[in-house]
Amino acid sequence: MQTAIANLVAADQVARFDAGTLSRRQLLKGLTALAAAGAAAPAAAQDTPFKSSRIDHISVQTPDLAKSTEFYRTIFGLNVINEDKPNEIVRMGATRIIVSLHHKPPFGIVDHFAIAIDDFNREAATATLARHGLEAQNNLDYGFHVRDPAGVPVQIVAT
């Protein structure tokens with residue numbers, strides 16, 4: 001019942017945003033609050049190399065919206081929640097995760113962020129990323145990470 005109510009509230013917020021009666025900030029604040037409360041509907045199971053389990057919200061400014069959208073869909077299993085095509089914004093998410101990709105300069109201004117994955121194993125993750133043509137890196141600033149298409153370091157941590 002709680003999930004059904006959360007879905008109705010989220011749908012109402014998106015409809016109000018689409019109608020222009022709710023700002024982007026208000027929409028994200030409301031959806032983030034729903035997700036933080038654990039009321040968001042669980043994402044459908046997907047065949048992805050990692051199962052993302054938590055992040056609150058991050059906004060990435062990217063020079064190639066399609067490439068970045070594909071990266072987060074393919075590697076971390078995030079789905080498109082909604083799009084603001086006039087402003088070139090794609091919001092992607094899963095349970096308690098929202099990533100907002102924005103085609104707007106300056107690009108790649110996020111220092112880094114971390115996505116927690118279930119059953120994290122550094123060696124296995126390195127091999128999985130390599131199969132996807134990605135190079136896992138490790139350093140003091142970002143820990144174990146991979147860079148997304150905009151060059152933003154995405155740290156990968158255990159849940």
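I began at a polar contact: a polar side-chain atom of N139 sits 2.7 Å from the backbone nitrogen of Y142. The model I am reading is a predicted one. I then placed N139 and found it in strand 7, residues 137-139.

Next I looked up the chain as a whole. I noted four helices and nine strands. Read from the N terminus, the order of elements is α-α-β-β-α-β-β-β-β-α-β-β-β. The protein chain has 159 residues, and 40% of them are buried. I recorded an accessible surface of about 8,700 Å², with 53% of that area on carbon and sulfur atoms. For contacts with a separation of 6 or more, I found that 65% join residues 24 or more positions apart.

I found an open sheet of four strands in the order 2-5-4-3, and its pairing is mixed. Strand 2 (58-61) and strand 3 (79-84) are the edge strands, each pairing on one side only. From one strand to the next, I read an average twist of 20 degrees.

Strand 4, residues 89-94, and strand 5, residues 97-102, pair in the antiparallel sense, and I noted six bridges. Which residue of strand 5 is the bridge partner of G93? I found I98 there.

I then looked at what covers these strands. Helix 3, residues 65-76, lies across strand 2, strand 3, strand 4 and strand 5. I read an angle of about 0 degrees between helix 3 and strand 4.

Last, I went through the nonpolar core. The largest one holds 27 residues, and F50, V60, Y72, F76, F113, L129 and I156 have the most contacts inside it. Several elements give two or more residues to this core, among them strand 2, strand 4, strand 5, strand 6 (113-117), helix 4 (122-131), strand 8 (143-147) and strand 9 (153-158). Which element gives the most? I found that helix 3 does, with five residues.

I followed I156 further. Leaving out residues up to four places away in sequence, I listed F50, F76, I115, I117, F120, L129, F144, H145 and V146 as the residues that I156 touches.

Methods
Residues are numbered from 1 along each chain as its sequence is written. This is a predicted model: local features need pLDDT of at least 70, side-chain atom pairs count only at pLDDT 80 or more; totals for chains, interfaces and linings use all residues. Side-chain values use heavy atoms; hydrogens and water are left out. Buried means under 20% relative accessible area, exposed over 50%, partly exposed in between (1.4 Å probe, protein chains only). Contact means heavy atoms within 4.5 Å. Accessible areas come from the Shrake-Rupley method with a 1.4 Å probe; for residues, only the protein chains shown count as cover. Two strands pair if DSSP finds at least two bridges between them. Axes are lines fitted to C-alpha atoms, for helices over the stretch in contact, and angles run from 0 to 180 degrees between N-to-C directions. A polar contact is a pair of N or O atoms within 3.5 Å; within protein, one must be able to donate a hydrogen and the other to accept it, and residues adjacent in sequence count only if both atoms are side-chain atoms. A nonpolar core is a set of buried Ala, Val, Leu, Ile, Met, Phe, Trp, Tyr and Cys residues joined through side-chain atoms within 4.5 Å.
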